[in-house]
Amino acid sequence: MLRFIICAFIVIFHFPFTASANNLTFSLSDNKLKPLSNAVVYAIPLNQPKTKLATQQATLIQSNKMFSPYVSVFQKATIVTFLNKDSVKHHVYSFSNPKKFEIKLYSGKPAKTITFDRTGMVTVGCNIHDDMLAYIFVVDTPYYELSNANGKGVLNDLPNGQYLLKVQHP
């Protein structure tokens with residue numbers, strides 16, 4: 001099994017590596033060596049034929065005037081529903097280049113879903129509640145994981161080969 005210990009000092013890291021095992025265990029910490037949660041770690045295959053990603057569906061929930069989860073990672077082409085479980089209406093939007101969208105005032109489940117068809121970080125907010133914020137990372141690989149509260153995670157089922165490992169954090 002491959003093991004990497006990565007100290008996160010900047011927003012994006014790039015690490016080339018060769019996978020000869022099926023799982024990559026990682027542990028992330030900030031510059032004060034405290035565990036770094038909600039970091040996106042993903043592996044991009046190098047010198048391998050590109051596989052078509054299956055369309056997936058996901059839900060981002062608004063509850064207690066907060067987005068849940070705060071940080072998400074989705075494969076490119078994922079269709080996302082923004083579900084409002086609050087008793088107040090929300091106006092969800094993003095001005096981020098990978099995906100600009102707006103779902104005007106609504107409660108419950110809006111008629112409109114959003115397809116995330118470009119890679120990158122998407123910052124999501126609510127036009128009514130300025131302190132509501134979420135981050136969506138859209139990746140072009142099936143090999144990704146979000147670090148847990150202890151800064152740890154595992155990329156499972158990596159085929160043998162060479163990869164570029166990237167780490168991003170809002």
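A residue is called buried here when its relative accessible area is under 20%, exposed when over 50%, and partly exposed in between, using a 1.4 Å probe and protein chains only. The structure is a predicted model, in which local features need pLDDT of at least 70, side-chain atom pairs count only at pLDDT 80 or more, and totals for chains, interfaces and linings use all residues. Numbering runs from 1 along each chain as its sequence is written, and side-chain values use heavy atoms, with hydrogens and water left out.

Of its 170 residues, 42% count as buried. A contact means heavy atoms within 4.5 Å. Take the contacts between residues at least 6 apart in sequence, and 61% of them join residues at least 24 apart. The chain exposes about 9,300 Å², with carbon and sulfur atoms supplying 51% of that; the areas come from the Shrake-Rupley method with a 1.4 Å probe, and for residues only the protein chains shown count as cover.

Now for the aromatics. Rings of Phe, Tyr and Trp (its six-membered ring) pair if their centres lie within 6.5 Å, and planes under 30 degrees apart count as stacked, over 60 as edge-to-face and the rest as tilted. The structure holds five such pairs. Tyr 93 and Phe 95 make a tilted one, because their ring centres are 5.0 Å apart and their planes sit at 45°. Tyr 93 is partly exposed at 22% relative accessible area, while Phe 95 counts as exposed at 66%. In another pair, the rings of Tyr 143 and Tyr 163 have centres 6.0 Å apart and planes at 90°, so this one is edge-to-face. Tyr 143 belongs to the loop between strand E13 (133–139) and strand E14 (144–146) and Tyr 163 to strand E16 (residues 161–168), so the pair ties together parts 20 residues apart in sequence. Tyr 143 counts as buried at 17% relative accessibility, and Tyr 163 is buried too, at 0%. Separately, Phe 82, Phe 101 and Phe 116 form one aromatic cluster.

Tyr 143 also turns up in the lining of the largest pocket, along with residues including Ile 44, Lys 50, Asp 140 and Pro 159. That pocket holds about 210 Å³ of space. By class, its lining has seven nonpolar, three polar and two charged residues.

Ser 63 lies in strand E5 (residues 57–63) and is partly exposed, at 28% relative accessible area. Leaving aside residues up to four places away in sequence, Ser 63 touches Lys 85 and Asp 86. Its C-alpha atom is separated by 8.8 Å from that of Leu 83, which is 20 residues apart along the chain. Asn 64, in the loop between E5 and E6, has a positive phi of about 55° although it is not a glycine, and counts as exposed at 63%. Leu 33 likewise has a positive phi, near 65°; this residue lies in the loop between strand E3 (24–29) and strand E4 (40–46) and is exposed at 61%. Finally, a cis peptide bond with omega about 0° joins Ser 68 and Pro 69, the latter in the loop between strand E6 (66–68) and strand E7 (71–75).

How values were computed:
1 Å grid on protein atoms, 1.4 Å probe; cavity = no way out; pocket = protein on both sides within 12 Å on 5 of 7 lines; lining within 4 Å. Points joined across faces, edges and corners; volume = space filled by probe spheres on them. Nonpolar A, V, L, I, M, F, W, Y, C, P; charged D, E, K, R; others polar. Helix = DSSP H or I, 4+ residues; strand = E, 2+ residues; numbered from the N terminus.
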